[in-house]
Amino acid sequence: MAKLFEGRSRAGRDPRLPPGQYDVGGGWPVLTAEPTPRVERDAWTFRVDGLVDAARTWSWADVQRLAATTWRGDIHCVTTWSKLDTAFTGVDLDVLLDEVGVSPSATHVVAWSSTGYTTNLPLAEVRGGKAFLVWEHEGQPLPREHGGPVRMLVPHLYFWKSTKWVSGLRLLDHDEPGFWETRGYHELGDPWREQRYDGD
Amino acid sequence: MAAPLEEPGGQGPGGLPPLPGIDAPARRPPRSGARREWQDARVLEVRRETARASTYRLGLPRWEPHVPGQHYVVRLVAPDGYRAERSYSVASPPSDEGVIELTVERLADGEVSAYLHDGIAPGDELTVRGPFGGWFVWRGDTPAVLVGGGSGVVPLMAMHRHWRATGRRAPLRMAVAARSPEELLYRSEYGDETLLAFSRAVPEGSPRPRGRLTAADLEPLLLPGATHYVCGSTPFAGHAEELLLGLGVPADAIRVERFGGG
Ligand SMILES: Cc1cc2nc3c(=O)[nH]c(=O)nc-3n(C[C@H](O)[C@H](O)[C@H](O)COP(=O)(O)OP(=O)(O)OC[C@H]3O[C@@H](n4cnc5c(N)ncnc54)[C@H](O)[C@@H]3O)c2cc1C
């Protein structure tokens, strides 16, 4: 008989933690599949193409001119850590999508990074103030190992959807699974429904 | 000639260039919808590896062959329904049919690792599911350079054991970093293919002085056309990937698995 598992005290278990997650507190683990790239701000660009009225590429200076917003809340990684009450500053993705004009036939997006990493999202999951391009964390420039200079932030889904070193977004009329989604991970990745792996 | 892939990214809408990145065959989505279900594994054996690490040999009611580098998730449930899940790499090769071995390092205050070390003995059951992971994997038929630190050597040992079990079909080289010989996992299994780098204490008569892994350590291990697998803590993995890049290894020939911790 195994000793009874009690786990850490759950008197203090925060209701903001989705099932199966634990709080890393002040920490912020780094999880990547590839070497951390060195992307210089001045060389960074962000392109939106596919099913849009006019594809467009923004530079670092271009995005700095957009109306910045700060999002504060909780982020959740599929490897079971969560980081509560943390702030990112950047621009609402809606601002960029509105600038290019999303075609009515678009249903999904694929985000890609400068390393070639891709991830897919239903369009509805990035519209309406749910997703951002961010370059600051707690008022400081986003560190390189966390995707700096600019990453996506889709905080309501597991964090692999928040593409690091993001360099573009393509609008499609079909779903197109990305890097982890073709490697056994769930299509959507909702932490509250514990959608970790394919078929969950 | 390979059959044309039903590859959606090959031609984007309106003749856009293909999306960058991932190798075409892997792009076929799994979409099997086949959920890997939890199963109760029987603990067949617990082996002490070092003062802080133990190997759990588990018999699985529904075993399927893993690819070396993949992991399982272990789930612990308290009587009130509270649960904790953590990932553990498989250390055994797929030729070890019907079983998997997990090697767990005990962390100070670790919720799951400490429980496994204190609470689990042969005859107990452990709830697991897997195997998972389709990137940090090696099938044994292409050149591989493995660089592991601490418990990061666990998935690499699955590769190493697979390599031996299948008759060393492809060239393989390995570098293993540990603080001291006492903390080295699987110490009887390394051969000429492996460089051991001890950072704090070296064995008597060791030609290599103590210290962190260096470019000079890794340079003789490089193999043409190899995929490089780096696994360990975040600082270790960051250091090792910088060394490899500095030696001219292309970024897309390096795969990294980080075990989260600092
Ligand atoms: C793909 C993958 C494969 C892995 N393979 C292996 C493997 O083969 N072997 C292996 O040993 N590990 C492996 N790991 C790491 C493993 O999943 C666990 O992270 C590790 O065992 C620690 O879990 P824990 O519950 O013991 O520690 P946790 O409870 O998660 O704590 C980790 C550390 O943080 C501190 N800590 C965190 N939260 C708190 C808190 N609330 N209160 C106090 N302290 C806290 C603890 O002091 C501890 O030292 C792997 C991870 C991944 C992602």
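Across the interface of chain B and chain A, 13 residue pairs are in polar contact, both residues at pLDDT 80 or more. A polar contact is a pair of N or O atoms within 3.5 Å; within protein, one must be able to donate a hydrogen and the other to accept it, and residues adjacent in sequence count only if both atoms are side-chain atoms. This is a predicted model: local features need pLDDT of at least 70, side-chain atom pairs count only at pLDDT 80 or more, and totals for chains, interfaces and linings use all residues. Residues are numbered from 1 along each chain as its sequence is written, chains are lettered from A and ligands numbered from 1 in the order in which they are written, and side-chain values use heavy atoms, with hydrogens and water left out.

Two or more residues each come from helix 1 (24-27), strand 3, strand 4, helix 2, strand 6, helix 5 (234-246) and strand 11 (254-258) of chain B. Helices (H or I, at least four residues) and strands (E, at least two) are DSSP runs, numbered from the N terminus. Strand 4 of chain B gives the largest share, five residues. By residue class, the side of chain B that touches chain A holds 27 nonpolar, 13 polar and 18 charged residues. Here Ala, Val, Leu, Ile, Met, Phe, Trp, Tyr, Cys and Pro count as nonpolar, Asp, Glu, Lys and Arg as charged, and the others, Gly among them, as polar.

In all, 58 residues of chain B are in contact with 53 residues of chain A, contact meaning heavy atoms within 4.5 Å. The size of an interface is often given as the accessible area lost when the parts come together. For chain B and chain A, the buried area is about 4400 Å², 56% of it on carbon and sulfur atoms. That area is what two parts lose on being put together, summed over both (1.4 Å probe). Five salt bridges link the two chains. A salt bridge is a side-chain nitrogen of Lys or Arg within 4 Å of a carboxyl oxygen of Asp or Glu. A:Arg144 forms a salt bridge with B:Glu242, with the closest N and O atoms 3.6 Å apart.

Now turn to chain B itself. Its secondary structure comes to five helices and eleven strands. Of its 262 residues, 54% are buried. Buried means under 20% relative accessible area, exposed over 50%, partly exposed in between (1.4 Å probe, protein chains only). Helix 2 (residues 111-119) of chain B is largely enclosed by the rest of the structure, because eight of its nine residues are buried. Among these buried residues are B:Val112, B:Tyr115 and B:Leu116. Their cover includes strand 2 (53-59), strand 3 (71-77), strand 4 (83-89), strand 5 (99-105) and strand 6 (125-132) of chain B.

Some backbone details deserve a look. Most residues other than glycine have a negative phi, and most peptide bonds are trans. B:Asp109 has a positive phi of about 65°. B:Asp109 sits in the loop between strand 5 and helix 2 of chain B, and is exposed at 69% relative accessibility. A:Thr80 also has a positive phi, near 85°. A:Thr80 lies in the loop between strand 4 (69-76) and strand 5 (81-92) of chain A, and is buried, with a relative accessible area of 5%.

Cis peptide bonds come next. One joins B:Gly130 and B:Pro131, with omega about 0°. B:Pro131 lies in strand 6 of chain B. Another joins A:Gly148 and A:Pro149, with omega about 15°. A:Pro149 is in the loop between strand 9 (140-141) and strand 10 (151-153) of chain A.
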